[in-house]
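Have the structure open while you read.

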Number of protein chains: 4
Amino acid sequence: MNLYDDLVWHHQMPAQLRFSDVDRFGHMNNAVYFSIFDTFKMQYFREAIGNEFFHKYAIVMANLQADYLSPIYFPDEIAIQTAIIHLGNKSFTMIQRAINTRTKDIKCVCKSIMVTYDINENHSVAMPQEYKQRIMEFESNPGLCDK
Amino acid sequence: MNLYDDLVWHHQMPAQLRFSDVDRFGHMNNAVYFSIFDTFKMQYFREAIGNEFFHKYAIVMANLQADYLSPIYFPDEIAIQTAIIHLGNKSFTMIQRAINTRTKDIKCVCKSIMVTYDINENHSVAMPQEYKQRIMEFESNPGLCDK
Amino acid sequence: MNLYDDLVWHHQMPAQLRFSDVDRFGHMNNAVYFSIFDTFKMQYFREAIGNEFFHKYAIVMANLQADYLSPIYFPDEIAIQTAIIHLGNKSFTMIQRAINTRTKDIKCVCKSIMVTYDINENHSVAMPQEYKQRIMEFESNPGLCDK
Amino acid sequence: MNLYDDLVWHHQMPAQLRFSDVDRFGHMNNAVYFSIFDTFKMQYFREAIGNEFFHKYAIVMANLQADYLSPIYFPDEIAIQTAIIHLGNKSFTMIQRAINTRTKDIKCVCKSIMVTYDINENHSVAMPQEYKQRIMEFESNPGLCDK
């Protein structure tokens with residue numbers, strides 16, 4: 001299991017848990033993690049490449065893999081870390097982690113592969129080079145792109 | 001429609017919206033308001049009367065009334081205001097408002113009537129007087145209780 | 001409290017509960033009721049007045065009032081009853097009930113006042129007369145409209 | 001990508017979509033899939049091994065992997081297929097698919113690794129042999145278990 005402990009996180013934000021996120025065992029529900037990851041995925045894109053991206057494109061999930069390390073209880077102090085680790089031609093790869101900001105425990109690690117989707121033309125497209133550039137700058141990592 | 005503009009709010013907290021809260025028209029979904037109100041209801045009770053209340057009691061919703069004044073969009077800056085305005089024998093009345101903290105617009109006003117429920121004995125009970133006392137102190141309002 | 005026991009229900013559909021609908025006390029969460037009511041509100045409109053309504057109009061919630069009579073547990077057999085009881089000029093009034101189809105218990109009664117919204121012109125409008133007509137036919141009640 | 005087309009599905013149930021499941025692009029939200037999968041995971045266990053399992057044990061998610069093949073729209077006719085394909089010592093592996101029952105399209109395939117958790121002793125345990133036996137009978141597959 002890869003915890004991505006070596007990554008430098010340029011995007012971390014606190015997540016506000018809701019009372020309804022918790023199941024009958026007092027644990028945060030499995031599905032809620034993805035609703036929270038999704039929210040910070042959107043924040044990441046707003047900050048890294050700007051809002052105007054979403055006037056023309058959408059982001060579509062192709063694959064995700066998540067490891068649950070230990071349960072989250074309401075109202076734990078949780079933050080979400082988000083990074084892009086690879087920019088392919090049409091697809092790119094994002095890592096997100098839920099961490100307890102008090103204990104520093106990693107609660108969940110999620111790797112997702114997403115695709116840029118042209119809203120008007122209704123099919124997946126390569127992410128325009130200028131947006132890839134902004135992501136590489138945001139991550140301070142010029143090597144994110146496939147050659 | 002009562003906007004409760006004359007209330008002094010002793011409990012106000014920012015609400016974090018989620019991308020999944022928004023429907024296909026870009027508006028925050030009707031049902032999500034109550035999930036958010038619920039979360040801050042719990043925070044209110046933790047702060048006003050303490051966590052130990054929930055070891056023995058639960059709060060059960062009996063009635064709610066909500067007025068939607070204008071839509072919330074993701075990611076508007078929203079805060080939730082919470083106050084108790086009446087402590088009856090078994091039931092009590094809470095007002096919650098969703099406000100836009102930037103524009104000061106009131107988005108939604110919700111009045112709910114709730115009942116204290118004894119988890120072990122499995123029926124509704126009068127809220128113990130010490131908890132009523134703490135709520136009156138929290139609200140700086142000794143007149144909340146029925147005589 | 002009005003249980004609307006005298007209404008003839010022309011729209012009733014079973015609701016599928018989700019494991020995540022349940023809170024830590026095993027009760028269906030307050031907010032989930034509205035998510036379920038919303039779903040059958042849409043089904044009602046599809047069946048009573050047809051899909052094409054939603055190409056031009058949206059339905060916006062103005063006010064709702066709900067009475068919770070007894071808790072729902074997962075996986076209770078629940079159905080939702082939906083009826084329109086009044087068609088005003090711009091607003092109309094809908095009643096929805098969650099009932100246990102095995103025990104016939106009424107779990108929750110919700111009265112909501114909604115407004116027709118013109119998506120293109122971006123403001124509330126009177127519901128076109130032909131749609132009002134279809135609703136009156138669906139409800140077999142020619143007296144729903146304001147004179 | 002493994003679509004598990006060779007599996008014989010002994011558990012398939014229709015899923016009821018909710019209006020709030022849909023995002024602003026009209027697509028079912030990524031996170032909602034897991035809330036629906038979770039619901040049918042519970043139904044599977046009720047049917048395959050019985051309710052009494054949950055008096056003593058809980059099921060905890062350790063890892064999941066999902067492939068999204070094409071979007072789901074409200075109100076598509078969706079069913080969820082569920083099977084266990086491996087019973088290890090403490091962990092076991094479940095496959096779930098969301099399919100469109102009209103077009104037969106596979107919408108999403110999810111593989112999850114879960115662990116049996118003893119609620120009273122508060123740690124993961126091996127699933128008792130009698131429950132493994134019932135699952136093998138339910139799946140008509142005596143070879144599910146590790147030797």
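Chains D and B meet through the same surface, because 100% of the interface residues of chain D are also interface residues in chain B. In this contact, 7 residues of chain D touch 7 residues of chain B, where "in contact" means that the C-beta atoms, placed from the backbone, lie within 7 Å. Sorted by class, chain D's side of that contact holds 2 nonpolar, 3 polar and 2 charged residues. Here Ala, Val, Leu, Ile, Met, Phe, Trp, Tyr, Cys and Pro count as nonpolar, Asp, Glu, Lys and Arg as charged, and the others, Gly among them, as polar.

Before going on, keep in mind that this is a predicted model: local features need pLDDT of at least 70, side-chain atom pairs count only at pLDDT 80 or more, and totals for chains, interfaces and linings use all residues. Residues are numbered from 1 along each chain as its sequence is written, while chains are lettered from A and ligands numbered from 1 in the order in which they are written.

Now for chain A. Helices (H or I, at least four residues) and strands (E, at least two) are DSSP runs, numbered from the N terminus.

Strand 2 (residues 57–68) of chain A and strand 2 of chain D run antiparallel and are joined by 5 bridges; strands pair if DSSP finds at least two bridges between them. One of the bridges sets A:Asn63 against D:Asp67.

The helices meet too. The axes of helix 1 (residues 30–49) of chain A and helix 1 (residues 30–49) of chain D come within 8 Å and cross at roughly 180°, with axes being lines fitted to C-alpha atoms over the stretch in contact and angles running from 0 to 180 degrees between N-to-C directions. That makes helix 1 of chain A roughly antiparallel to helix 1 of chain D (a label for angles over 145 degrees). Among the residues that meet there are A:Phe34 and A:Asp38 from chain A, and D:Phe34 and D:Asp38 from chain D.

| Partner of strand 5 of chain B | Bridges |
|---|---|
| Strand 2 (residues 57–68) of chain B | 11 bridges |
| Strand 4 (residues 91–100) of chain B | 9 bridges |
| Strand 6 (residues 123–125) of chain B | 3 bridges |

Strands 4 and 5 of chain B form a hairpin with 5 residues between them, where B:Lys104 in the turn has a positive phi of about 70°. The hairpin of strands 5 and 6 of chain B has 4 residues between the strands, and B:Asn122 takes a positive phi near 65°.

Conventions: Two residues are in contact if their C-beta atoms, placed from the backbone, lie within 7 Å. Angles under 35 degrees count as roughly parallel, over 145 as roughly antiparallel, 65 to 115 as roughly perpendicular and the rest as oblique.
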